[in-house]
Amino acid sequence: MGTSVQVKPLCGVYNENPLSYLVSVDGFNFLIDCGWNDHFDTSLLQPLSRVASTVDAVLLSHPDTLHLGALPYAMKQLGLSAPVFATEPVFRLGLLTMYDQYLSRKQVSEFDLFTLDDIDSAFQNITRLTYSQNYHIPGKGEGIVIAPHAAGHLLGGTVWRITKDGEDVIYAVDFNHRKERHLNGTVLLSFPRPAVLITDAYNALNNQPSRRQRDQEFLDAILKTVRADGNVLLPVDTAGRVLELILILEQFWEQHQLIYPIFFLTYVASSTIDYAKSFLEWMSDSIAKSFEHTRDNAFLLKHITLLINNSELEKVTGPKIVLASMASLEAGFSHDIFVEWAADTKNLVLFTERGQFATLARMLQSDPPPRAVKVTMSKRIPLVGEELAAYEEEQNRKREEALKATLVKEEESKASLGAELSAGDPMVVDAKITQPSSNAAGLQFGAYRDVLIDGFVPPPSSAGPMFPFYETSAEWDDFGEIINLEDYTRNNEDMDHSSIPAEDDLNGKLDEGSASLILDTTPSKVVSSEQTVYVKCSLLYMDFEGRSDGRSVKSILAHVSPLKLVLVHGSAEATEHLKQHCLKNVCQHVYTPQIEESIDVTSDLCAYKVQLSEKLMSNVLFKKLGDYEIAWVDAEVGETENGTFSLLPLSTPTPTPPHKTVLVGDIKMADLKQYLASKGVQVEFAGGVLRCGEYVTLRKVGDSVQKGGSSGVQQIILEGPLSEEYYKIRDHLYAQFYSL
């Protein structure tokens, strides 16, 4: 049998919920993605909580909440302790995404599911890999190799390739084949015929216009609004698709020298752009080449202002464009700006991605949109008067209780230590016994005295003589000893928090303004109120999600042609539609499991490991094929002393008959046309064939993928009269292949 593979969805099948899947490869459990939604609904994590302790490794594919949002909570509360793997941008931008989520929630609620320390703890041990870097799993997963490859959806977004014994398990969700301004397309097409492909049906029913048309409609809608003296709000993610929108606006404003102000407003806006500036090698070829030739960084923004609070925004009069988090409108700056701008008919709310299920954004994107919505307005205000006094009294009471508990533990520790010394150490003498020596007072230590007797040999079971030592016990948590804040309080001096540099907080990973929010320990409370918002502004949705559309997904799956296909993450309608299409046109084994349903997708192929004997290898002639070397081997299978298989030279004395020449490789007819033209051959396409010279023709027959997903056979047929021109073109054709 082939490599054993089981897939168990934990979240995100037959719906658009967050993504989380358990993939077992020969007993080694991968948790691929650990997502959460913007509601932070703990019920979604129940399946994960039941398997978290069995996870051996975590693979993260994209730096957004839907793919990694539950990681801090899972590591703090659910017992997840496995090593985590991701690309550098997924690590950095995912960290900023979680910071922004926490700070947005903390300002409007008593959010306690995780803290900034929990986020740091979850992310600090992530192993960062580069694209195409092979990482060999040690220990239990020996023999398994993982490698991230470009997905084309978000910066650092990953298609994971898991290899064991020559069989590939590909995890490719939210990929994009289109090349964009800041990202290249996915490399999924370079992995034909994997044993298992896990992909999503999210866009199976959607088709997209051309990029040029979409971008023009996007810019026209914005300009129409601001020229009519209106404001434009774009609810965006923290550090994902917003980078593409920023480049579109920045380049258009630069080309046309527009003066309408644009603002990027999140709690980590400047950190997001700083990281984007340093990740040029992860971006599109055009950005990398531009930087190499002109040293121009695409994210040196001239027309977009970065903000970390809306106080600066309120000072700006006139029409403006604001990109603000969160995209769901459930929290963050976008929520407050929407409530403020919704009642003005001049304004526009432009959605660039589908809102998560049951969010305000999804409700507004419905057809027709609601004319009035109820929202909860919350803000954090400092405590004053009786509330402040009650808060301080409660804090003092808690500190006193903690101090008493500490003292009690110290007394118990001393008592137990004294009892152990009295019972087990013959060198301890009761302090009540009167000693005639005048030095007795100098030997007094608390309640005990040690008497050292020269020549005394203690029994083997007793501890060695030592002076009494009382260890002061202290309260500890996961981050070290719990300290008493009053010991460090400077009561007679006004502490100016604004003078503390941001670099001292969380290793400089937060903006200075965001760091001040954390340093602010002023007692406060959250005040909430229900409010009805009458939506009079324009609402518009344009697809800037950066995912391949339904038609492209079907074409890509047919080209990749996996042996077995697992469909996840998509509405029930989209999932069933893509399943039926794939059964007819891609492969015969298509699976759509339910939550916590474990499916066995073990390959039907038989794989064996064999050793190549030294005697055989000494007579093999290798030929270079790209990064590899290939050779034709005539051998017979034997068994070594330790029971493993080995390839041995043929035992028959008669020489092996020569084998038929094998041509290794593949070529596109368009590439061959260019090559022949460079060699001086007159070539042109006519009637589906390539005419070479006056009489010779070349044509391709067969298909690389047959119906049902089985491998097809392709042949290149060379036709023409035997002549010098015929043999010359044949030699050029053979030169495109490796012959064995």
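**A walk through the predicted model**

Seven strands build an open sheet of mixed pairing, ordered β7-β8-β9-β10-β11-β24-β25. Its edge strands, each pairing on one side only, are β7 (135–136) and β25 (590–591). Two strands count as paired if DSSP finds at least two bridges between them. Strands here are DSSP runs of E with at least two residues, helices are runs of H or I with at least four, and both are numbered from the N terminus. His136 stands opposite Val145 in β8. Strands of a sheet pair through backbone hydrogen bonds, either parallel or antiparallel.

This is a predicted model: local features need pLDDT of at least 70, side-chain atom pairs count only at pLDDT 80 or more, and totals for chains, interfaces and linings use all residues. Residues are numbered from 1 along each chain as its sequence is written, and side-chain values use heavy atoms, with hydrogens and water left out.

Now the whole chain. The protein chain has 19 helices and 37 strands. Of its 740 residues, 45% count as buried. Buried means under 20% relative accessible area, exposed over 50%, and partly exposed in between, with a 1.4 Å probe and protein chains only. The chain exposes about 38,300 Å², and carbon and sulfur atoms supply 51% of that area. Accessible areas come from the Shrake-Rupley method with a 1.4 Å probe; for residues, only the protein chains shown count as cover. Among contacts with a separation of 6 or more, 72% come from residues 24 or more positions apart. Contact means heavy atoms within 4.5 Å.

Go next to strand β3 (residues 28–32). Five of its five residues are buried. Phe28, Phe30 and Ile32 point one way from β3, while Asn29 and Leu31 point the other way. Strand β2 (residues 20–25) runs antiparallel to β3, joined by five bridges. Val25 stands opposite Phe28 in β3. Two residues separate the strands of this hairpin, and Asp26 takes a positive phi near 50°.

β3 also pairs with strand β4 (residues 57–59), in the parallel sense and over three bridges. Here Phe30 stands opposite Ala57 in β4. Between β3 and β4 the chain passes through helix α1 (residues 46–51), in a right-handed β-α-β crossover. Right-handed means that, with the strands pointing away from the viewer, the path from the first strand over the helix to the second runs clockwise.

Three helices follow. Ser104 lies in helix α4 (residues 88–106). Ser104 is buried, at a relative accessible area of 2%. Its side chain reaches the backbone oxygen of Asp100 at 2.7 Å. Setting aside neighbours within four places in sequence, Ser104 is in contact with Tyr267, Met326 and Gly332.

Helix α5 (residues 116–123) has six of its eight residues buried, so it is largely enclosed by the rest of the structure. The buried residues of α5 are Leu116, Asp118, Ile119, Asp120, Ala122 and Phe123.

In helix α19 (residues 724–734), the buried residues are Tyr726, Ile729, His732 and Leu733. These residues cover an arc of only 130° around the axis, so they lie on the same side of α19. The arc is that of the directions from the helix axis to the C-beta atoms. The buried residues of α19 pack against α18 (669–678), β34 (689–692), β35 (696–701) and β36 (715–719).

Technical notes: Polar contact = N/O pair within 3.5 Å; in protein donor to acceptor, adjacent residues only side chain to side chain.
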